[in-house]
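The points below may be read beside the sequence and the model.

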Amino acid sequence: MKSYDLITPEGTRDLLFDECVARKEAEDKLREIFTAHGYSEVITPALEFYDVFNNKTRSFKQEDMYKLTDGKGRLMVMRPDSTMPIARIVATRLRDGVFPLKLFCSQNIYRCNPKMAGRDDEFMQSGIEIIGGDEKRSDLEVLSLAAQVLNSCSSDDVRLEIGDNTFYKLLLEKLDIDDEETVRSLIESKNTPQLRELIKDSVGSVPEKRRYADILLQLPTLFGGAEVFSKAEKLFAGTALADRLSEFRATFDSLRRLETEDRINVDLGLVNKAEYYTGIVFRGYIEEYGQAVLSGGRYDTLIGSFGADDMPAVGFAVNVNAIAAANLRSNKSAKAKHAQVLVFACDDDLIEGISHCSKLIASGISAEFSTCQTLEAAIEYAKANKICRIDIIDKEKNEQPVTMTL
Amino acid sequence: MNDNKIIRIALTKGRLEKDTVNLFEKIGYDVSQLRDKGRWLILEVPGSNIEVVLAKAADVLTYVEHGVCDVGVVGKDTIDEHGGRFFEVCDLGFGKCRFALAGKVGYNFYEGCGVKTIATKYPNITRKFFESKAMDVDIVKIEGSVELAPLLELSDGIVDIVETGTTLKENGLEVYEYVSPISARVIVNPVSMKLKKKSIEELIDKMERNI
């Protein structure tokens, strides 16, 4: 039988030395931001019941999840996300707690990606949720934190992009379209030519409907800076969408006051996970990574779908691996460090060697006890690991350690 | 911010490449290097902010999805077969043909309740098509001339690209049903679209106006 004991499964990887430092550094930076803003960390199991993720409004595809069964034959998954577990906790253990709740999670998640697509099946995701807060205040807080997260990346060009899928939902209400999922995915992929074809067939000649169909067709093109609003305001004037637009613009304008203006963009064509998000949706991009590194939005019906009362909720998640990899590639993350001093002890002085290490460490110098058998081997080791100082302990010759500089 | 950055475009080698290069010429780009490319894989367009990469169709999707190329020109057939996370912003109109279900002349494909066997180079498109009809079919992946499969009675039908239908006719096959239209599309990486908005929109606008 073929044995696979020398490789890791597709989509997973070992992180060694600099890669590991970069990942930890990126994770710690996010944790610092979140705790400083009053968020409490929770850890959820990597294994959850399939049912936690299997619900129409929770938008996880069956084929995207790693599945296994427990001892009783029940279907379980490796968590593909941290928000569902948090919603489960809020709807159960925390349902009588003090709201609003501000939670964050920083843990690995698992996705079954198409084979050989070069995507990670296991990666670290760090994210926050505000549950039960006032909508306007929570939206602003979450957006400003998302902007801070992006700014903390070492990337030269970052962008936070905000949308609101209320517009899309209002439009769908006004137009009766049979194939909503196709329309949604055409808007998401900004495929205006095909969208035009599809809409043409399903909208008759009723003038009101034509108006809304025109707006729907424009949605994918309504992205960019503040100029998008003047275009949208003209387009939406006098329709059911106009009120929501002025609210949305207020959020956008306040955020722009807080942040470097050209880092905040708008995209009214953000319609991903339409059954799940119920208000603002947003994404963060960095120059070095080909997909969004941050993604979030408002999901007011999720907690209710776990049997509790509906509760306003908003949050986002960051792909920590992607940020770490970008930092590493641009040489902006810290390097893996070896000890400053290597301590080599002769056969009879081993315990003195160990206590000398402790003394050095206590005085703020990192020290490594050499496990090489000979001094020559220890010197080779020090050179290979760029350690410039060796302390040699040989009580027979010297009472004090002898320092050798390489 | 840096809206004058180079835009890297991946072109599908072969016919789409020729059509796209002609389109670039019409736009007014200097396509001398693109015509006389030798063994170069990354080609420059002098005096412009674009750079061209030639790749196999499915690789165009991969390069654009990962953001190492900002824009791609690729057939709808490849997009439908492989999928991916990118924007599909423009139909270039050339490279037009259709996916069709075909088989031996005179055979009633939908007759009977037995499970049919389909030979194809496009297993995903075939699966989706029959899924939409709630039909179970056996799909056999073929790499070369798919038309051979029904003639050798390996399959009841084929799903393949049909342009004029001549090859089918010459081999005693006919189209039973059209599956979907195909033409060359422009795809864009979602991050590039946002970070290089102005340059990319200008390029696409130029392409659309010169189709």
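1. Contacts within chain B. The model discussed here is predicted. In chain B, 66% of the contacts between residues at least 6 apart in sequence join residues at least 24 apart. Chain B contains nine helices and eleven strands, and its C-alpha trace spans about 60 × 30 × 30 Å along the principal axes. Of its 211 residues, 41% count as buried.

2. Confidence. Chain B has a mean pLDDT of 92, with 98% of its residues at 70 or more. For the complex, the predictor gives an ipTM of 0.82 and a pTM of 0.88.

3. The interface. How many residues of chain B are in contact with chain A? There are 17, and they meet 16 residues of chain A. On the chain B side, strand E5 (87-91) and helix H8 (190-195) are the elements that give two or more residues. E5(B) gives the most, with five residues. By class, this side of chain B has seven nonpolar, four polar and six charged residues.

4. Domains of chain A. Chain A is divided into domain 1 (17-329) and domain 2 (341-405). The centres of these two domains, taken over C-alpha atoms, are separated by 53 Å.

5. Nonpolar cores. In soluble globular proteins, nonpolar side chains tend to be buried together. The largest nonpolar core in this model has 92 residues, of which A:Ala146, A:Leu150, A:Val293 and A:Ile323 touch the most other members. Leaving aside residues up to four places away in sequence, A:Leu150 touches A:Val158, A:Leu160, A:Gly284, A:Ile286 and A:Leu294. A second, separate core has 34 residues, including B:Leu11, B:Val31, B:Val73 and B:Met193.

6. Helix H5 of chain A. Which residues of this helix (residues 180-188) are buried? They are A:Val183, A:Leu186 and A:Ile187. These residues lie on the same side of H5(A) because they cover an arc of only 100° around the axis. Helix H4 (166-174) and helix H6 (192-202) of chain A are among the elements that cover the buried residues of H5(A). After H5(A) comes A:Lys190, with a positive phi near 50°.

7. A:Leu175. This residue is placed in the loop between H4 and H5 of chain A. Is A:Leu175 buried or exposed? A:Leu175 counts as buried, because it has 20 C-beta neighbours inside 10 Å. Beyond residues up to four places away in sequence, A:Leu175 touches A:Val203, A:Lys209, A:Tyr212, A:Ala213 and A:Leu216. A:Asn113 is 62 residues from A:Leu175 in sequence, and their C-alpha atoms are 35 Å apart in space.

8. A cis peptide bond. A:Phe99 and A:Pro100 are joined by a cis peptide bond with an omega of about -5°. A:Pro100 lies in the loop between helix H2 (83-91) and strand E5 (101-110) of chain A.

9. Positive phi values in loops. A:Ser59 is not a glycine, yet its phi is positive, about 45°. A:Ser59 is found between strand E2 (47-49) and strand E3 (67-69) of chain A, in the loop. With 15 other C-beta atoms within 10 Å, A:Ser59 is partly exposed. In chain B, B:Ala134 likewise has a positive phi, near 55°. The loop that holds B:Ala134 runs between helix H5 (123-132) and strand E8 (137-141) of chain B. B:Ala134 counts as exposed because it has 6 C-beta neighbours inside 10 Å.

Key:
Residues are numbered from 1 along each chain as its sequence is written. Chains are lettered from A and ligands numbered from 1 in the order in which they are written. This is a predicted model: local features need pLDDT of at least 70, side-chain atom pairs count only at pLDDT 80 or more; totals for chains, interfaces and linings use all residues. Two residues are in contact if their C-beta atoms, placed from the backbone, lie within 7 Å. Helices (H or I, at least four residues) and strands (E, at least two) are DSSP runs, numbered from the N terminus. Ala, Val, Leu, Ile, Met, Phe, Trp, Tyr, Cys and Pro count as nonpolar, Asp, Glu, Lys and Arg as charged, and the others, Gly among them, as polar. Domain bounds come from an automatic or database domain assignment. A nonpolar core is a set of buried Ala, Val, Leu, Ile, Met, Phe, Trp, Tyr and Cys residues joined through C-beta atoms within 7 Å. A residue is buried if 20 or more other C-beta atoms lie within 10 Å of its own, exposed if 12 or fewer, and partly exposed in between; C-beta atoms are placed from the backbone. The arc is that of the directions from the helix axis to the C-beta atoms. pLDDT is the predictor's confidence in each residue, from 0 to 100.
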